[in-house]
Amino acid sequence: MRLDLRYPIGLLLTSYGAILAIEGAVVRATVLGLNVNLYWGVVMIVSGLGALYLAWRRSASAAPRGSASG
Amino acid sequence: MALPLMMSRYYPAGLLGLGLTALLASFMSGMAGNVTAFNTVWTFDIYQSYIRPRQSDAHYLWMGRMATVFGVLVSVATAYAAMRFNNIMDMLQLVFSFVNAPLFATFLLGMFWKRTTGHGAFWGLVAGTGAAALHYEVTGVIGAISLLPKIAVVHAYPSDMAQNFWGAIVAWTTCFVATATLSLATTPKADGDLRGLVFGLTPRSANPEAAWYQRPAVLAAVVLTLTLALNMVFW
């Protein structure tokens, strides 16, 4: 099995970030005047999507080579 | 315990869960590393080398798994012992004074002095750990209840940490002297066996052509400078 670790990392960060951002958007709890749940959730979603993009780009560039040889 | 305290004080529901998840994940990965190191050292370096050599792979795999189970059970038991200490740092430093301080002397001699022998290192380590145990048994801490009964208290330290540090000094010195003395009294190892293990006998792979971010000395200097700067800012 050749699992690209960026897929699980990206999926984990994106799903946790989504939960956190939704919590922040609905409940609107603040710390020192900042809605940290929402902000940090967005940061996690962006990082997670970034990891997924890197994994997708790698597999997209590897696929044509694989199909050409096989 | 500063981190959980900060989290429970400042994190709202949501981020608190994420913080606890991250904390548990880091504890688990640290534990996983320790358990892996434990079963590897036991199975490869002790069991295979000295107790039962030339067995099948299946046999060693089984022994490795049993060592894992044993190691986890011991860590669970340690957690109960840890509850009897004022704080986790006191206990950690006590364990370090028994284990890490003499081991540091062993590694230092083993890596930088080619005359060190296996017997010298082993018995030096035993002597160092024994010295730490003896130090713990004959000294006390003012106003503290000891975990183990003492043989005799010849000196009382003002704090747990003072006792731990002096214990570490005693253990390190004993191990260093015992390892060096016993090594000189036993047959030296051939230089060929020590290539790649002892600093003086290992060819250095310096690469002056590497870019600055690939050179350890440059990176170390950067980290040291940043550490110093942060210490000055947050003094």
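A salt bridge here is a side-chain nitrogen of Lys or Arg within 4 Å of a carboxyl oxygen of Asp or Glu. The model discussed below is predicted.

Q: How many salt bridges are there between chain A and chain B?
A: The pairs that qualify need a Lys or Arg nitrogen within 4 Å of an Asp or Glu carboxyl oxygen. Between chain A and chain B, the count of such pairs is 0.

Q: How many residue pairs are in polar contact across the interface of chain A and chain B?
A: A polar contact takes a pair of N or O atoms within 3.5 Å. Across the interface of chain A and chain B, with both residues at pLDDT 80 or more, the rule finds 2 residue pairs.

Q: Which helix gives the largest share of the side of chain A that touches chain B?
A: Two helices of chain A, α1 (6–27) and α2 (36–69), each supply at least two residues of that side. The largest share is 4 residues, and the helix it comes from is α2(A).

Q: What is the area buried between chain A and chain B?
A: The contact involves 9 residues of chain A and 7 residues of chain B. Carbon and sulfur atoms give 79% of the buried area, which is about 640 Å².

Q: Is Asn35(A) buried or exposed?
A: Asn35(A) lies in the loop between α1 and α2 of chain A. The cut-off for a buried residue is under 20% relative accessible area. Because its relative accessible area is 9%, Asn35(A) is buried.

Q: How many helices and strands does chain B have?
A: Along the sequence, the elements of chain B run α-α-α-α-α-α-β-β-α-α. The secondary structure therefore comes to 8 helices and 2 strands, counting runs of at least four residues for helices and at least two for strands.

Q: Which elements of chain B do the buried residues of α7(B) pack against?
A: Helix α7 of chain B covers residues 160–185 and reaches 37 Å from first C-alpha to last, close to the expected 38 Å. Its buried residues include Gln163(B), Ala171(B), Cys175(B) and Ser183(B). The buried residues of α7(B) pack against α4 (88–98), α5 (100–112), α6 (118–138), β1 (139–141) and β2 (155–157).

Key: Residues numbered from 1 in each chain as written. Chains lettered and ligands numbered in written order. Predicted model: local features only at pLDDT ≥ 70, side-chain atom pairs only at ≥ 80, totals over all residues. Heavy atoms only, no water. Expected span 1.5 Å × (residues − 1). Buried < 20%, exposed > 50% of the residue type's maximum accessible area, 1.4 Å probe, protein only. Contact = heavy atoms within 4.5 Å. Buried area = accessible area lost by both parts, 1.4 Å probe. Polar contact = N/O pair within 3.5 Å; in protein donor to acceptor, adjacent residues only side chain to side chain.
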